[in-house]
Amino acid sequence: MLNNMTDCEEGEGGPNSQGDGNPKESSPFINSSAASNTDKSQQYDGKNMALFEEEMDTSPMVSSLLSSLANYSNLPTGSKEHEEAENNEEGARPSKKPVKAPQLGTLMGVYLPCIQNIFGVILFLRMTWMVGIGGVLGSFVIVFMCCSTTMLTAISMSAIATNGVVPAGGSYYMISRSLGPEFGGAVGICFYLGTTFAGAMYILGCIEILLIYIVPQAAIFKIEGLEGQEAEAALLNNMRVYGTIVLSFMALVVFVGVKYVNKLALVFLACVILSIVAVYGGVIKTAIDPPVFPVCLLGNRTLTSKGYDVCAKVIEIDNETVTTKLWMSFCDSENLNATCDEYFTNNNVKEIQGIPGVTSGILAENLFGNYLEKGMFLEKRGLASEADPDSPATGSNRYVLADITSFFTLLVGIYFPSVTGIMAGSNRSGDLRDAQKSIPIGTIAAITTTSIVYMSCVVLFGACIEGVVLRDKFGEGVNGNLVIGTLAWPSPWVIVFGSFFSTCGAGLQSLTGAPRLLQAISRDGIIPFLRVFGHGKANGEPTWALLLTASICEIGIIIASLDAVAPILSMFFLMCYMFVNLACALQTLLRTPNWRPRFKFYHWALSFLGMSLCLSLMFICSWYYAIVAMGIATCIYKYIEFCGAEKEWGDGIRGISLSAARFALMRLEEGPPHTKNWRPQILVLVSVDAEQNVEQPRLLSLANQLKAGKGLTIVGTSVQGTFLDNYTEAQRADQLLRKLMETEKVKGFSQVVISSNLRDGTSHLIQVGGLGGLKHNTVLVSWPRNWKQPEYHQQFRNFIEVVRETTVASLALLVPKNISSYPSNGERFTEGYIDVWWIVHDGGMLMLLPFLLRQHKVWRKCKMRIFTVAQMDDNSIQMKKDLITFLYHLRIDAAVEVVEMLDNDISAYTYEKTLVMEQRSQILKQMHLTKNEKEREIQSITDSSRGSIRRKNPSALCSHHSTDEGASVAEQPEDEVQLIHNKNASTPTSPTSPTAPAGGTATWTDNKGADKGKTVLAANPEAGKDLFNMKPEWENLSQVDVRRMHTAMRLNEVITKKSKEAKLVLLNMPGPPKNRVGNENYMEFLEVLTEGLNRVLLVRGGGREVITIYS
C-alpha cells in the first residue's frame, strides 16, 4: 500500500497525482484506491467480523486502517526525488528505487533553511543606510513592526501546519486547503511572483556588490567622469547587462541539476553566518580599539574619497605651501590666488572618524531620522557651515549626494524583504521527520533569532558608525568600501565576499523554489491556462515553469534598481502572509470540527492583528503597488471562480459561507419582509417523463427572465414510487434538473421528492420547499395541456389542487398558458407590447411582473400597457387619471387605457355554452362510476339533452336520430366522451361579438343540425333570446355558472379585441371553486377567458402588497 501511495505522490501519472486534476487528496482512508481488491478480501478473514461483512467494500477494519496510517507518507515532489530519478536514469535500472523516508529534524530541516532565507541582501547592502536615514528609533520601529508581522504570521502558520498532515507544497498547500481554490490560487500566484521577484532582487544585489565593491573596473558603461542622471543611468545599464547574464547562468544551473544547488546551500549558509559573526566581532573591537577610518568633510558636507588624496586644501612641503588635489577640484588653477568655489573658500576642511566606536556616544546623534531629497548633500549634524543659499553649487560630483528621495514608508518597503523567508521550513514539510513538531519550533526560533540580530544591528550600527557614513549608501566617502564591511573584523572583505556568495545562493534558491511552486499550482488544475506549466522533464523538473520564472525575473532585472524592486516583492509576500493569518483566524472563529492544531499557542485575535499589520504595511510601503497587487489577486480570484476547475477541499471560505448563510437565515426568521424588499421567490413546478427529462423546459426560461428581482429559485419535481425503490431515478432527475438549470442560466436550487402519487409529491414541494425565512412566495406552474382528454383528467385535477393549496398558503401563483410558445433566453423582441389586464387588485403582482420581465434582454424593447375595466356606474375618465397618477408614483412607465364593459343581456350562446359545459361535467363524473351506473347516467343525460334540443329547435332534428343511437352511445361511454370533445371544435358565432372564441356547443345532434341551429341564432339574435325565454327547461342551469360564463366570454371578447397582437398578456386568475364539484367548470371558464390569445400569464396574488409608492 505504501508503494502505491508514494508512486501517486511523485506526480508521475499515478491515479491521485495532481496532474490529473482530481480534487481528491491521496489518503489511506475509506474508499482509497490504494488498497487492492485482494487486500479488501483479506480484511474480513475470520468469523468475528461476519456481522459487518456486507459493507467490506466501503468500511475497512480498524486494524487495516491503523496499519495504513502508520505507513502513510506524503513525500514531496522536490529536489530529493529529482536527484534519485536522475540517479535511476544513470543506472538504467528497470525497477524504481524505493524512496527513503524523510529524516530531517528541526535544526537542519526548518531552522537553518529559515535563517538562510531570512538573512539576505538587505542586511548587507541597505541596513546601515536605513539606520542613517531613519535614525535608530525610526529604524527600530520599522524592524519591530516587520518582525512582529512575521512572528504573528508564523504563529498562524504553525497552527495550520500542525492541523493534520501537511503534504509537500508548504504554504501554498496550507492556504489553498484552508481558504479554498479561489483564494489559494490567487495567493499561490502572489507567493510565486514574490519569490520570483525576490530572485531578481538577490541577483541585483549580487551585481551591485560585484560592480561597486569587488571589481568596479568591470563596468561596461563607465561611470568615471559622469555625474547626476548620466552616472545613475550608466550604473543601471550595467546592472541590466550583468543581471541578465547572471540570471541566464543561474537558470542554466537550475535546469541542469537542482542537486548542485542543494549541495551548495550549506556553503552559502556558512557565508551568511560568518558575515554576521564578523559584524559582531567588529562591534566588540570598536569598544576596545576603534579603527582609524577617516572621513573628509568640507564645512559639514561629506566629500567623495576619490576627489582628494589628502583631506586638506593645502599642505606644507619643505616650508612651501602646496595646493592639493582637493584644491584642484574646486579652483581653476594650482595657484594660491586662484578663483575658487565660494563654499570651498568660506569653509574649512575637516577630517572625522567614520567609526568612532560603541563607547563614543555617537548613538545620541544618530537617534533621530535625517530624510533627504534626491541630490541633497550628506551633511554632518552639529557642524556649522557658511553657505549662500542663492549661489549655485559647483563641483557637486565631489560631494556625496543622496541618490533617491527618502521617507519613512520607502524604508519600510525596502526593508521588509529582509524578514521574508519564514516559509522555508513549511515548504520542506515533505522532507521532515515530524513536520507537526519541527515547523512551529524551527520557524519561531528562526524568526526570534533573526529579529534579535536585526534589532541589535540597528542599535549597534547607530552606536558605532558616524551618521554621514551610515547615510552613504555606496560608501563613496569611505574609499568605495561597503559600509557594513568597514565595521567588520578582521577584514571588510569577509563581509563583501560573504554577502556576495549569500546573495548568489539566495538567487539560486528562489529560481529553484518558484518554478516548483508554479508547477504545484498548475498540477492542481485550478487555473486552466497554467496547466502547460505542470509538465516538465522526464524526472519531473519543471522546465516550462522555469522558463516563465526566468522571464518574469528578467522584468525585475530590467527595473535594475534594488530600491524599486524591493517594494514589489514586499507587496506579494505581505499579501501571502495576510491570507495565512486570515486562514487561521477564520478556522478558529468558525470552530470547524476538523480544526484541532497540535500547536496550542495561537488565538484568532493574534491572527487578526497579524492580518491588519500585513494590510497596513502594504499601504505604508506603497499604496499604488498595494492596489496593483490586490488587483492581480482579485483578477486571479474571479478567473478561478468563473473558469477554474471546481474543487472541494473543505476550506474555511466554505465554512464562512455556511455560517453567514445560517446567520442570514436566522435574521430572515425575525419577521416577514417589508413590501419594499418583496421579490418573487419562485418555486417552479415541472413534470418529468419516464426518462426523467423535463417536459416544459421553457418554464425555466420564463423563471430566468423573471429573475431581475434576484430572488430565490427552486425548481422542483416529484417522482412516483417509494424512496427505497426509486432513489436512483430521483438522483437522475435531480442531475438533469441541474443540467437544464445551468443551460437556462437559472441560479437556484433543484429539489426532487419521491411520493406514492404525483399529487402528494407536488403538495410536499409546496409545503416544505425552502428553508426558514428563505422560502418561496410564488409558485410557477404550467397550464395543463389537453386537459379535456380523458387520459389527462388527473392532470387538471392536480392543477386545481395546486391552485387551492397556493391560495390557502397565501402564495402567489403564475400560470403561463401555451408555455411552448414563450421565448427562449436567446430570443429578442425588437418591438411589441406586454399587456396587463388589471381587473381585480391582487397586491400589485400584475404591475411588478412586467417590470421585472422588461429588465431582461428578451423583453427589454417591449412597451407596457395597462388596461382596466370600468362598469356602468364607474367614471372612466377619472379612473384613467387616477391610474396614471398611481403608475407615476410607482415609477412604472406604461400606457393606460380604461375599457368600458356595458351591461349586456346574457346571450343564448352563453346559455348554450354553459349547458354543454355542465353536460361535460356530468359525463366526466361517469369516469368513476361502475359500468351499469355509467350506462344509466349517460342514457338519462342523452335523453334529457335530446328533449331540450328538440323543444328548442325542432327543424334541426333529423329522422335518423333514434333511441337505438342512444343505446349504442350508452354501450360505449368512452367514445361518447370523445364525441363531445370532438364536436367542441365547431362553434357558433356569439350574437354580441364578431370574434367569438371557440368554447364548444357540442350537443347530441349531428353537425348538420348544429349548423342549422347556428344559422337561426346568428340570423336573429333577438329571436334566440325570445326562444330561450319561452323554454322553462333551461332554467335548470346554475345561474352562477351562467353569470360566470357570461363574464368570461365578455372579458375574452374585450381582451382579444385589444391585445390580440400583444407579445404577452397578463391577466388576473379567478379563484378555484370551494367545492370540488365544479372543477371541470372552473377549467372551462379559464379556457373561455383566455381563448384566442397566444401567450397568456394568469396571475394570482398571494394576499399581500408586493409593490409600494413609498421610498
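Among contacts in the chain between residues at least 6 apart in sequence, what percentage join residues at least 24 apart? In this predicted model, the share of such contacts that join residues at least 24 apart is 80%. The chain has 1111 residues, of which 54% are buried, and its secondary structure comprises 37 helices and 15 strands.

Ten of the strands form an open sheet with mixed pairing, in which the order is E8-E7-E6-E9-E10-E15-E14-E11-E12-E13. Strand E8, covering residues 749-755, and strand E13, covering residues 895-900, lie at the edges with a single partner strand each, and therefore one side of each has no neighbour in the sheet. From one strand to the next, the twist averages 20°. In general, the strands of a sheet pair through backbone hydrogen bonds, and this pairing may be either parallel or antiparallel. The parallel sense is found between strand E6 (residues 682-685) and strand E7 (residues 713-720), which are paired over four bridges; Val684 has Val715 of E7 as its bridge partner.

Among the helices, H18 spans residues 492-524 and contains 33 residues, and the distance from its first C-alpha to its last is 48 Å, close to the 48 Å expected at 1.5 Å a residue. Helix H18 is mostly covered, with 27 of its 33 residues buried. Just after H18, Gly525 adopts a positive phi of about 75°.

Helix H18 is also one of the packing partners of helix H5, whose buried residues pack against helix H10 (258-288), helix H14 (424-427) and helix H15 (435-464) as well as H18. Within H5, which runs over residues 106-118, the buried residues are Gly109, Val110, Tyr111, Leu112, Pro113, Cys114, Ile115, Gln116 and Ile118.

A further helix pair is formed by H20 (residues 562-590) and H21 (residues 604-621), which pack with their axes 8 Å apart and at an angle of about 160°. Because angles over 145 degrees count as roughly antiparallel, H20 is roughly antiparallel to H21. The crossing of these two helices, H20 and H21, is left-handed. Residues of H20 that make the contact include Met571, Leu574, Met575 and Tyr577, while those of H21 include Trp604, Ser607, Phe608 and Gly610.

Most residues other than glycine have a negative phi, and most peptide bonds are trans. Ala560 counts as buried because its relative accessibility is 1%, where buried means under 20%. A second residue other than glycine with a positive phi is Ser810, for which the value is near 55°. Ser810 is placed in the loop between helix H27 (793-808) and strand E10 (812-817), and strand E10 is itself part of the open sheet described above. With a relative accessible area of 48%, Ser810 is partly exposed, whereas Ala560 is buried.

How values were computed. Residues are numbered from 1 along each chain as its sequence is written. This is a predicted model: local features need pLDDT of at least 70, side-chain atom pairs count only at pLDDT 80 or more; totals for chains, interfaces and linings use all residues. Side-chain values use heavy atoms; hydrogens and water are left out. Two strands pair if DSSP finds at least two bridges between them. Axes are lines fitted to C-alpha atoms, for helices over the stretch in contact, and angles run from 0 to 180 degrees between N-to-C directions. The expected span of a helix is 1.5 Å times one less than its number of residues. Buried means under 20% relative accessible area, exposed over 50%, partly exposed in between (1.4 Å probe, protein chains only). Angles under 35 degrees count as roughly parallel, over 145 as roughly antiparallel, 65 to 115 as roughly perpendicular and the rest as oblique. A crossing is left-handed if the near helix is turned anticlockwise from the far one by less than a right angle, and right-handed if clockwise. Contact means heavy atoms within 4.5 Å.
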